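The following paragraphs lead through a single predicted model. They turn from the confidence of the prediction to the contacts between side chains.

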Amino acid sequence: MKLLAVLLLAALPLYCSAGAGCQLLEDVISEAIDPKVTLEEYKAALQEFLHSDADRKAVEQFKQCFLNQSDETLANVQLMMGGDRMDDGVFNTKNSRVRQ
């Protein structure tokens, strides 16, 4: 399950760098990191992208990985992904090489 999370997180910046859907990607990551968003709410938000049982299972495992983490770990991931300022995060849209 950890490998799945690592692979998904590794693929996310590549998707953003391709210049397609960065805001959507940031929203998906933000909801995954947010412990207040339940697994059912997360799946509902991504419903249009879930075409098979394998897709649903992967999304469940991805969200569950974040739900299992401490608040401190989630805060660190949030900082890495975007932080509180536009120029903080490693994978923030502003830092993408390809701009839309």
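The chain has a mean pLDDT of 75, and 68% of its residues reach 70 or more; pLDDT is the predictor's confidence in each residue, from 0 to 100. Because this is a predicted model, local features need pLDDT of at least 70 and side-chain atom pairs count only at pLDDT 80 or more, whereas totals for chains, interfaces and linings use all residues. Residues are numbered from 1 along each chain as its sequence is written, and side-chain values use heavy atoms, with hydrogens and water left out.

Over residues 85–100 pLDDT stays under 50, although the model has 33 contacts beyond four places in sequence for them, a contact being heavy atoms within 4.5 Å. Where pLDDT is low, the predicted coordinates should not be read in detail.

The charged side chains come next. Three salt bridges are present in the structure, each defined by a side-chain nitrogen of Lys or Arg within 4 Å of a carboxyl oxygen of Asp or Glu. K43 and E40 form one of them, at 3.7 Å from N to O, and both residues lie in helix α3, three residues apart, about one turn of the helix. K43 is buried at 14% relative accessible area, while E40 is exposed at 52% (buried means under 20% relative accessible area, exposed over 50%, partly exposed in between, with a 1.4 Å probe and protein chains only). K43 also forms a salt bridge with E60, where the closest N and O atoms are 2.8 Å apart. Since E60 lies in helix α4 and K43 in helix α3, this pair ties together parts that are 17 residues apart in sequence.

Within helix α4, D53 and R56 are three residues apart, about one helical turn, and their side chains meet in a salt bridge of 3.2 Å, N to O. D53 is exposed at 61% relative accessibility, and R56 is partly exposed at 26%. Elsewhere, salt bridges that share partners join E40, K43 and E60 into one network.

Helix α4 (residues 53–67) also holds F62 and F66, four residues apart. Both phenylalanines are buried.

Note on methods: Helices (H or I, at least four residues) and strands (E, at least two) are DSSP runs, numbered from the N terminus.
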